[in-house]
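Trainee: I would like to learn how to read a model like this one. Where do we start?

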Amino acid sequence: MIKNVFLMCIIGLVLICICVAGLPGREVQVSFLNVGQGDSIFVRTPDDYFILIDGGPSVSVLEELAEVMPRYNRTIDLVLITHPHADHVNGLVEVVKRFEVKGVMLVGTPSGNTFYQEILRLCGEQGIPIYFGESGRDVKVGSYLYIDVVWPSRSMAGVEFENLNNASLAVRLIMPDKVFMLTGDAEEEEEREILRSGFDLSADIFKAGHHGSKTASSDEFLDAVEPDTVVIQSGAGNSFGHPHKEVLERLLRLGIQVRRNDLEGRVEI
Ligand SMILES: [Zn+2]
C-alpha cells in the first residue's frame, strides 16, 4: 500500500514537471512576437530546436521569449539577423548576453548601428559562429525544419547598401505542414531581384515586408508567394503609419487573411 502511494506520488510529480515545462506538440510553433514597431519571430520545433529571427527594437523581446520558451531552456540554436536596423537588432544584444546562442546567420552588410556592432563583438568574445547567408547555404534544423535562403543569392558580406532594407536576408521556413516566407524589410527592389532568381517562393504564410509598408509586398511578389495568411509586424500607433492602407487593400482584394501584432499582440501560428 505504502509502495503504491509512493508510486502515485512519483507519477504525479512527473506529470506536474511535464506541465510546467510544456510538451511540444508535433507541429512547429511559430510566434510573431509583440515587440512594438519591429520584427522578431520565434520558432520552436517538436524536436526542441529554438530559432530566433530578429530581436525587435528593445528588451521587450526578453519578456516575449519568457512567454513562448520553456523555462528549462536557455539555448537558442540559431539567430537570424535580417538586416542591421535598430527595429530588428537592438533587442538582440541582451538575447546574446542572456542565452547560449549557438550560431548567428546574417548578410554581413556593414552598419554603424552600435547595437549591431556590439552583437558582432559579443559573438567574437563568446566564440559564436557567424554564417553569411546565401541561397547556396540552406540549413537543415533537426527533423522538422529546413531554412531555405532565397536572398542573397551570393555572399554580400562587406557589401555596402544605400538602403539597408534591400539588404534583408530572406528565407523560407519549410516545415512538414507549413511554409513561411520571411523577407525582413525587403522592399520592391529586393522583391524583384528575388523574383528574377526563379526560385520556388510559394508559402502558406508570408510576413509582410517592411512592416506592411506600401514600398513592399508588391502584387507580383504576392502572386509568386500565394500565401493564405499574411502577418504584419507593426507596433500599435507607430509613427510610420504602418501598415499602409494600400497594402491592406491589396491583401483584402486577394482574399488573404491578415494577422497583425498591433491589433492582436503576439501572433501565434
Ligand atoms: Zn524594420
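Mentor: With a term. A residue counts as buried if its relative accessible area is under 20%. Keep in mind that this is a predicted model. By that cut-off, His88 and His211 are both buried.

Trainee: Which protein atoms are the donors of the zinc ion?

Mentor: A donor is an N, O or S atom within 2.8 Å of the metal. Here the zinc ion has Asp87 (OD), His88 (NE2), Asp185 (OD) and His211 (NE2), at 2.0 to 2.1 Å. Along the chain these donors are spaced as D-H-x96-D-x25-H. His88 belongs to helix α3 (residues 86–89), while His211 sits in the loop between β13 (205–207) and α7 (219–225), so the two tie together parts 123 residues apart in sequence.

Trainee: What is the geometry of the zinc site?

Mentor: For four donors to count as tetrahedral, all angles must lie between 85 and 135 degrees. The four donor atoms of the zinc ion make angles of 86 to 152°, and the site is irregular.

Trainee: How should I read the sheet, and in what order do its strands run?

Mentor: Strands in a sheet pair through backbone hydrogen bonds, in a parallel or antiparallel sense. This open sheet has seven strands, ordered β9-β10-β11-β12-β13-β14-β15, with mixed pairing. At its edges are β9 (139–141) and β15 (257–260); each has a single partner strand, so one side of each lacks a neighbour in the sheet. On average, neighbouring strands are turned by 20° against each other, direction ignored.

Trainee: In which sense do β13 and β14 pair?

Mentor: Parallel: β13 and β14 (residues 229–232) are joined over three bridges. Phe206, for instance, has Val230 in β14 as its bridge partner.

Trainee: Which strands does helix α6 touch?

Mentor: Helix α6 (residues 188–197) packs on the sheet and touches β10 (145–151) and β11 (170–174), with its direction at about 110° to that of β10. After α6 comes Gly198, with a positive phi near 80°.

Trainee: What are the buried residues of helix α2?

Mentor: In α2 (residues 60–68) they are Ser60, Val61, Leu62, Glu64, Leu65 and Val68. Their cover includes β1 (29–32), β2 (41–44), β3 (50–53), β4 (75–76), α4 (92–98) and β16 (267–268).

Notes. Residues are numbered from 1 along each chain as its sequence is written. This is a predicted model: local features need pLDDT of at least 70, side-chain atom pairs count only at pLDDT 80 or more; totals for chains, interfaces and linings use all residues. Side-chain values use heavy atoms; hydrogens and water are left out. Donors are N, O and S atoms within 2.8 Å of the metal (3.2 Å for Na, K and Ca); water is not among the atoms, so sites may look incomplete. Four donors count as tetrahedral if all angles lie between 85 and 135 degrees; four count as square planar and six as octahedral if opposite donors are over 155 degrees apart and all others between 65 and 115; anything else is irregular. Helices (H or I, at least four residues) and strands (E, at least two) are DSSP runs, numbered from the N terminus. Buried means under 20% relative accessible area, exposed over 50%, partly exposed in between (1.4 Å probe, protein chains only). Two strands pair if DSSP finds at least two bridges between them. Axes are lines fitted to C-alpha atoms, for helices over the stretch in contact, and angles run from 0 to 180 degrees between N-to-C directions. Contact means heavy atoms within 4.5 Å.
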